Amino acid sequence: MYLLPAIDLLDGMVVRLKKGDYDLMTVYSYDPVDQAKQFEAAGAEWIHVVDLNGARDGEQGNLELIEDIAKNTKLKIETGGGVRDFDAIDRLRNAGVSRVVLGTLLVTQINFAAEALEMYGDLLCAGVDARGGMAAIEGWHKEGMDADELVGEMGTMGFKHLVYTDIARDGMQTGIDVATYEHVAKLFGGPVIASGGVTNMDDLRNLAAVADSIEGIITGRAIYEGTLPLEEALAFCASC
């Protein structure tokens with residue numbers, strides 16, 4: 001189990017949204033590369049980077065910043081947002097990222113997703129963002145399909161990694177719903193990366209109790225606002 005500090009990029013800034021609402025945004029840094037370096041200095045090996053411009057608009061808006069993070073750190077970068085075609089995947093791979101998250105395409109172009117998985121293998125990760133039992137797409141602005149059904153399809157298709165975001169808890173620091181991730185892991189057929197609601201060390205301890213269902217944990221606001229001590233959290237996750 002490993003921790004992935006989150007860097008959400010919007011117009012070149014590090015921000016966090018509440019429940020994916022672009023009108024409920026907090027800016028935490030105007031220097032994403034420096035923020036990544038801080039996470040690396042604290043002991044992080046992975047970071048989760050979201051191109052919010054890309055997620056909303058369908059076009060990668062922060063590619064150069066992601067490339068700069070890759071060039072200036074040794075971090076493994078998991079990233080998504082605006083990945084709508086093979087060219088986008090290639091650009092991210094060439095930028096030095098370790099894992100590319102597919103989201104909207106899993107719903108709107110399932111045949112493309114299957115072809116991409118065959119071409120790129122473990123470079124790709126399925127991203128399911130769920131709200132009210134439905135998978136949200138296009139920057140969480142639209143409903144796609146039943147989230148449980150989508151998770152099951154991703155496992156059957158052959159994805160080895162899956163990020164599951166509980167939108168209702170994302171950026172809210174309301175705590176993790178452990179049972180949800182146990183359920184999702186069973187549907188997927190393997191451990192998943194949990195995202196949404198992490199507040200403090202108790203959430204990590206609760207997830208560690210079901211560590212067989214958890215590959216990694218993404219958290220952002222809790223780190224930025226100091227309710228989750230990063231170095232302690234990284235060491236704890238690495239020990240589980």
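Arg93 and Asp90 both lie in helix 4 (residues 86-95), 3 residues apart, or about one turn of the helix; helices (H or I, at least four residues) and strands (E, at least two) are DSSP runs numbered from the N terminus. The side chains of Arg93 and Asp90 meet in a salt bridge (3.0 Å, N to O), defined as a side-chain nitrogen of Lys or Arg within 4 Å of a carboxyl oxygen of Asp or Glu. Arg93 is partly exposed at 42% relative accessibility, as is Asp90 at 22%; buried means under 20% relative accessible area, exposed over 50%, and partly exposed in between (1.4 Å probe, protein chains only).

The model is predicted, with local features requiring pLDDT of at least 70 and side-chain atom pairs counting only at pLDDT 80 or more, whereas totals for chains, interfaces and linings use all residues. Residues are numbered from 1 along each chain as its sequence is written, and side-chain values use heavy atoms, leaving out hydrogens and water.

A search of the whole structure identifies 8 salt bridges. One of them joins Arg99 to Glu78, with the closest N and O atoms 2.7 Å apart. Because Arg99 lies in strand 6 (residues 99-102) and Glu78 in strand 5 (residues 76-80), the pair ties together parts that are 21 residues apart in sequence. Both Arg99 and Glu78 are buried.

In strand 1 (residues 2-10), 8 of the 9 residues are buried, so this strand is largely enclosed by the rest of the structure. Strand 1 runs parallel to strand 12 (residues 214-219), joined by 4 bridges; two strands pair if DSSP finds at least two bridges between them. Within strand 12, Ile218 is the bridge partner of Leu4.
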